[in-house]
Amino acid sequence: MIDFHWSSPVLRQVCLTFSLIHPALEFYHTVVRLTDNTGIHTPKDRYESLLRMMREWHFLKQIKWSGQGHHPGTIAATQPGACAVMCPACPHPGKNLPDDWASVPPESKFLYALFLAIDANFRLARRNVSSDAINPGLNHGYAFFMEETAYKSFLNSHERTRSTCSSHNAVNLADTKASRGLAATGTGTIDCARHNFKRPNLVGDLQKGERYVNMDYMFFSSMQSASTLQVINISYDITCQWSKNLWTRMSTFPQQYHLDHNTKTITFLVPKFHLPAHVLSCQTMYSFNFIKGVGRTDSEVPEHGWADINPVATSTHEMGPGSRHDTLDDHFNDWNWKKVCLMGLELEDQQYVN
């Protein structure tokens with residue numbers, strides 16, 4: 001019989017690493033059987049302790065990797081999004097742009113454009129179990145999910161606008177029976193549309209489908225970190241409806257979320273795969289094929305990210321709000337990290353193709 005002790009640091013490390021691949025409950029029962037395979041002397045139930053230990057370990061590693069562990073103002077002083085792995089290829093003034101980037105001729109401004117892709121994933125739903133008070137998150141807007149208090153306080157009784165274009169069930173069917181019993185019907189995000197990165201502080205839960213108020217909040221939040229950029233291309237599968245009264249709806253937001261859109265070149269587009277589902281007028285007005293300066297962008301990158309995260313949904317579906325947010329934050333950071341590590345190889349492959 002192998003005698004495992006829960007106080008062993010080696011066992012804790014093995015548990016936390018192995019649990020990324022296998023369900024925690026399955027792994028826990030494996031350790032129990034290894035401890036006593038007779039069933040006569042069953043160890044004390046430590047499953048809840050294991051889950052808590054996993055969350056704490058992931059959080060501490062995240063704080064360490066992002067350089068926030070020894071912040072002079074303690075961890076509580078961590079800035080929003082400071083723990084997220086950033087896209088190194090998106091335009092970041094003061095980091096990766098030339099000094100004269102803002103004064104280039106109009107025909108060259110496309111070189112410093114920001115490409116954003118808005119989308120929602122209804123597989124990442126959460127059942128109405130636990131609560132923020134019982135199961136708070138350790139991340140308070142430090143990575144990808146937005147800070148919950150400000151976000152939820154804004155989501156009040158806004159009227160939901162129904163779509164007049166075809167095939168937009170994400171908006172029109174928001175209140176169907178499929179949403180009953182769910183605290184979150186899905187997750188909305190704003191991604192980097194060129195390089196397929198999750199953007200920090202731009203993931204939020206959806207309560208009743210893809211409501212404009214949720215997506216507006218994410219969009220105007222994203223603009224705070226891009227306020228100095230002059231060219232912004234935004235794709236969304238329902239942009240033909242969502243963008244119609246966007247600036248009017250902006251007036252209902254606090255002043256810090258307002259965007260001086262008249263001084264920028266903002267183009268609204270529909271991802272290429274989703275475009276055929278729209279009426280003919282949308283297919284010409286919002287097509288990437290007819291816009292200068294966008295290259296061969298298809299802006300379908302959120303779908304690739306959903307394919308990576310969807311297997312996690314079976315576990316997060318039953319989690320409390322804090323556990324779910326922390327878990328998804330960790331997986332999103334892993335996705336971005338892998339993209340950073342492989343970006344050089346991808347660019348090298350593109351060079352040979354061209």
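**View 1. Burial of Y217 and F253 in the predicted model.** Y217 and F253 are both buried, where buried stands for under 20% relative accessible area, exposed for over 50% and partly exposed for the range in between, with a 1.4 Å probe and protein chains only. This is a predicted model, in which local features need pLDDT of at least 70 and side-chain atom pairs count only at pLDDT 80 or more, while totals for chains, interfaces and linings use all residues. Residues are numbered from 1 along each chain as its sequence is written, and side-chain values use heavy atoms, with hydrogens and water left out.

**View 2. Aromatic pairs.** The structure holds 17 aromatic pairs. The ring centres of Y217 and F253 are 6.3 Å apart with planes at 35°, so this pair is tilted. Rings of Phe, Tyr and Trp (its six-membered ring) pair if their centres lie within 6.5 Å; planes under 30 degrees apart are stacked, over 60 edge-to-face, and the rest tilted. Y217 belongs to helix α6 (residues 212–224) and F253 to the loop between α8 (246–250) and β7 (265–269), so the pair ties together parts 36 residues apart in sequence. Helices (H or I, at least four residues) and strands (E, at least two) are DSSP runs numbered from the N terminus. Ring pairs link a cluster that includes Y151, F154, Y217, W242, W247 and F253.

**View 3. Charges over rings.** R194 lies over the face of F115, at 4.7 Å from the ring centre. K198 lies over the face of W306, at 4.6 Å from the ring centre. The criterion is NZ of Lys or CZ of Arg within 6 Å of the ring centre and within 35 degrees of the ring normal.

**View 4. The second largest pocket.** The volume of this pocket is about 590 Å³, taken as the space filled by probe spheres set on grid points that are joined across faces, edges and corners. On a 1 Å grid over the protein atoms alone, a pocket is an open set of points with protein on both sides within 12 Å along at least five of seven lines, and lining residues have an atom within 4 Å of a point. The second largest pocket is lined by 32 residues, with P200, N201, S221, S222 and S225 nearest its centre. Strand β5 (197–206) and helix α6 each give two or more residues to this lining; the largest share, 6 residues, comes from β5. The lining divides into 18 nonpolar, 10 polar and 4 charged residues. Here Ala, Val, Leu, Ile, Met, Phe, Trp, Tyr, Cys and Pro count as nonpolar, Asp, Glu, Lys and Arg as charged, and the others, Gly among them, as polar.

View 5. V203 is in strand β5 and is buried at 1% relative accessibility. Its contacts (heavy atoms within 4.5 Å), not counting residues up to four places away in sequence, include F144, F145, T187 and F332. V203 and F145 are 58 residues apart in sequence but 4.5 Å apart in space, C-alpha to C-alpha. N201 is also placed in β5 and is buried, with a relative accessible area of 17%. N201 has a positive phi of about 60° although it is not a glycine.

**View 6. S323 in helix α12.** S323 is found in helix α12 (residues 321–353) and is buried, with a relative accessible area of 13%. S323 touches R55 and N135, not counting residues up to four places away in sequence.

Technical notes: On a 1 Å grid over the protein atoms alone, a cavity is a set of points where a 1.4 Å probe fits but cannot get out, and a pocket is an open set with protein on both sides within 12 Å along at least five of seven lines; lining residues have an atom within 4 Å of a point.
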